[in-house]
Amino acid sequence: MGLGFAAPGVTEDAWSVRWDAAVPAAAALWATTPPTVDFRTSGSTGPSRSRRRLRENLWLEAGMLADLVAPDGPEAAVCFAPPTHVYGALASVLVPARLGIPAWYRPTFFGAMPEVGRGRVLVVATPWIFTLLLQHLDWVRGLEHVTVLYSSAVLPAAAGEFLAEAGPERTRIVEVLGSTEAGGIAFRQWRAGTPPAWTLFPDVAFAGGPGEGPDDEVPLVVSSPRLAFEPGRPPPATWETDDRVVPLDGRTFRLVGRAGRLVKVNGRRINLDEAEHSVRAALECADLALVPIFDRMIGEHVELLVVLRDGTVLSDLDLPAAFARLGVRPKSVRVVPRIDRSPLGKLRHGQAPETDDAEVGTR
C-alpha cells in the first residue's frame, strides 16, 4: 500500500492484502502514509476541489468505523469503494488494517465474489453492490454473517431487498453519512424494518442554529477536529454540508436530503436521490438520472435522463410505470449517451442533458 491511495494499481486493479499477517502490516501502512493526504471532492455539489486530511485523523476515523463493524466479528473484508475517494481509503484500506483482517478489493461490480475462506465477512459497498449481492445470494448464504458498510448516495431499494433475502440473523447494514470536507459525520445501523435516525460520531457536534419548530428542516452544520482543509489554509472551525436535516435532540437527526436534490413539483416535495432508485426499478436501461430544472411558467420541475441498453429504443421502456413511481410526469425525457457520476455513484454537478437520438416532451 506504499503506492498511495490514488495510484492506478490501488484503485483500478484487483488486489488482496493480508492485514492479519504475523508482521504488523498495519504499522507498515502507517509508516508509509504521508503526514497529509489530499482527496478530491466528488463534484456532486460543485466543481471538484482538493481537500487535505491529516494522517492521524484518517487513522482515528478508521478506528471509529472499525468499532462500528467490530461487534459482528468480521474475519475478512471484500471491498468495492475506490481508495481514491476518502471513504474508499478509509473503508477499503484502513478499516481492514485496523481490524487486522485480510482484504480483497474489486474495482468493478461484475464477476464472481472472491473465495475468502472465512465465515464472517465485511463488505465495503457502493450503491451497485447490493444488486451484486442479490445476484450472489448463494455466496452470501454460504457465510455465517455479512456486515455491509455503506457511505455514498442514498441507500438503494436493493439494500432492503438484500436484507430481506439474506435474513436479519445473517446480515447488518452500517451506514455512514459524511463528505470529503467533513469526514464521517453520523451513522446508523439496522437489520430489518425502517432504518433508525442518524447519530453523530462522538467527536462531531451540531454547529448550526435550530429551526423555529421541532419539525423544521435546517442545514446540517457541524464542528469536528477531523475537518479537512484546503492546502495552504488552516482547518475551518465548522462545515456546512449540502444536507437538510430535522434535529431530534442534541445528537440525533432525521435526514431529509441534499439541498440540490430536493424539489417541489406541483406542491409535492421530491427527494430526487430516493426517486431515482424508485424509477430505476421500473425501467430496464443502462443508467438513468433525475435532474432538477426551473421553468419560468411552472417553477421547479424535473427532467429524466436515460442511457439505453444496446439494441433498445426509448419506446421499449415502460415510462408510464416509471412516472407512476415518481408521482409526477417529468417535464421531458431525454436519451443521453452517458451520465457523469462519481466513483461512488453520485450525479456530478452540472450534468449536461446532452441529447443523443431522442427527446420526448411529457407536458
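Which side chain does arginine 172 meet in a salt bridge? That of aspartate 72, at 2.7 Å, N to O. By salt bridge I mean a side-chain nitrogen of Lys or Arg within 4 Å of a carboxyl oxygen of Asp or Glu. Arginine 172 lies in strand 8 (residues 171-179) and aspartate 72 in the loop between helix 3 and strand 4 (76-79), so the pair ties together parts that are 100 residues apart in sequence. Arginine 172 and aspartate 72 are buried, that is, under 20% relative accessible area, where exposed is over 50% and partly exposed is in between (1.4 Å probe, protein chains only).

Before going on, the ground rules. This is a predicted model, in which local features need pLDDT of at least 70 and side-chain atom pairs count only at pLDDT 80 or more, while totals for chains, interfaces and linings use all residues. Residues are numbered from 1 along each chain as its sequence is written, and side-chain values use heavy atoms, with hydrogens and water left out.

The protein chain has nine helices and 20 strands; these are DSSP runs, numbered from the N terminus, with helices being H or I of at least four residues and strands E of at least two. Of its 363 residues, 52% are buried.

Back to charges. The structure holds 21 salt bridges. Another one joins glutamate 303 to arginine 334, with the closest N and O atoms 2.5 Å apart. Glutamate 303 sits in strand 18 (residues 299-307) and arginine 334 in strand 19 (residues 332-335), 31 residues apart. Both of these residues are buried. There is also a network of salt bridges, which links Arg258, Arg261, Asp273, Glu276, Arg280, Asp287 and Arg341.

What about a buried arginine with no salt bridge? Arginine 55, in helix 3 (residues 55-69), is such a case: the nearest side chain of opposite charge, glutamate 56, is 4.8 Å away. For charge, Lys and Arg count as positive and Asp and Glu as negative; His and the chain ends are not counted.

Last, helix 4. Residues 86-99 form this helix of 14 residues, and twelve of them are buried. Among the buried ones are Tyr87, Ser92 and Pro96. A kink of about 30 degrees lies at valine 93, shortly before proline 96; the bend is the angle between axes fitted to the seven residues ending at a residue and the seven starting there. After helix 4 comes glycine 100, with a positive phi near 70 degrees.

Technical notes. Expected span 1.5 Å × (residues − 1).
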